[in-house]
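Welcome, and please open your viewer. We will go from one selection to the next and see what is there at each stop.

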Amino acid sequence: LLKSLGMGHSNISEIIRNLRTDLTICESTILSLTDAISKKAEKTRMKMILNLRKEHYSQQDETGLRLDGKNGYTWVFCNKKYTIYEFDRSRSKEIPQRILGIDYDKPGVNDLVVTHIFF
């Protein structure tokens, strides 16, 4: 994801070297660190997503993000306790379905408008 958002491992290692001149850090170390962080965070992220799916409603929205001349979207899904961010090049319904589940049938609030309610 960092690479797709324009922040490659070489950029991160350069930033760290500029901030901490006493450290020597290379791209492969940054890759190992970001992979380890991503793996550790995945379980927590999945727990947060499952919590969102259980709530009576969720706030959902997306905003455009043009990157390297290509359109993309930053999505946000939240409730009182959790916020999940998702970046995707698509604005299609598959993104909310991926996060909330295909069978999600609760109200979705978007721009303070209830987008669907099932009675």
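Which residues does F77 touch, not counting residues up to four places away in sequence? Select F77 and you will find L52, Q59, Q60, Y82, T83, I84, E86, I95, P96, I99 and L100, where contact means heavy atoms within 4.5 Å.

Before the next stop, two notes on reading the model. This is a predicted model, in which local features need pLDDT of at least 70 and side-chain atom pairs count only at pLDDT 80 or more, while totals for chains, interfaces and linings use all residues. Residues are numbered from 1 along each chain as its sequence is written, and side-chain values use heavy atoms, with hydrogens and water left out.

**The whole chain**

Colour by pLDDT, the predictor's confidence in each residue, from 0 to 100. The chain has a mean of 83, and 87% of its residues reach 70 or more. Now select residues 1–5: here the pLDDT is below 50, and the stretch has twelve contacts in the model beyond near neighbours in sequence. Where pLDDT is low, the predicted coordinates should not be read in detail.

Switch to cartoon view to see three helices and five strands, which are DSSP runs numbered from the N terminus (helices H or I, at least four residues; strands E, at least two). Their order from the N terminus is α-α-β-β-β-α-β-β.

**The core**

Next, select M48, I49, L52, Y73, W75, F77, I84, I95, I99, L100 and Y104, the eleven residues of the largest nonpolar core. Such a core is a set of buried Ala, Val, Leu, Ile, Met, Phe, Trp, Tyr and Cys residues joined through side-chain atoms within 4.5 Å. Helix 2 (27–54), strand 2 (70–78) and helix 3 (94–100) each give two or more residues to this core. Buried means under 20% relative accessible area, exposed over 50%, and partly exposed in between (1.4 Å probe, protein chains only). Of the chain's 119 residues, 25% count as buried.

**Helix 2**

Follow helix 2 along its 28 residues: from first C-alpha to last it reaches 40 Å, close to the 40 Å expected at 1.5 Å a residue, the expected span being 1.5 Å times one less than the number of residues. I30, M48, I49 and L52 are buried in helix 2. The buried residues of this helix pack against helix 1 (9–19), strand 2, strand 3 (83–88) and helix 3.

Select E86 in strand 3. E86 is buried, at 14% relative accessible area, and its side chain makes a polar contact with that of R45 (2.4 Å). A polar contact is a pair of N or O atoms within 3.5 Å; within protein, one must be able to donate a hydrogen and the other to accept it, and residues adjacent in sequence count only if both atoms are side-chain atoms.

Move to N79, in the loop between strand 2 and strand 3. N79 is buried too, at 13%. Its side chain makes a polar contact with the side chain of N51 (2.9 Å), and a polar atom of that N79 side chain lies 2.8 Å from the backbone nitrogen of K81.

Finish at S58 in strand 1 (residues 58–67). Is S58 buried or exposed? S58 is buried, with a relative accessible area of 0%. The S58 side chain makes a polar contact with the side chain of Q60 (2.8 Å). Leaving aside neighbours within four places in sequence, S58 is in contact with C78, L100, Y104, P107, G108 and V109.
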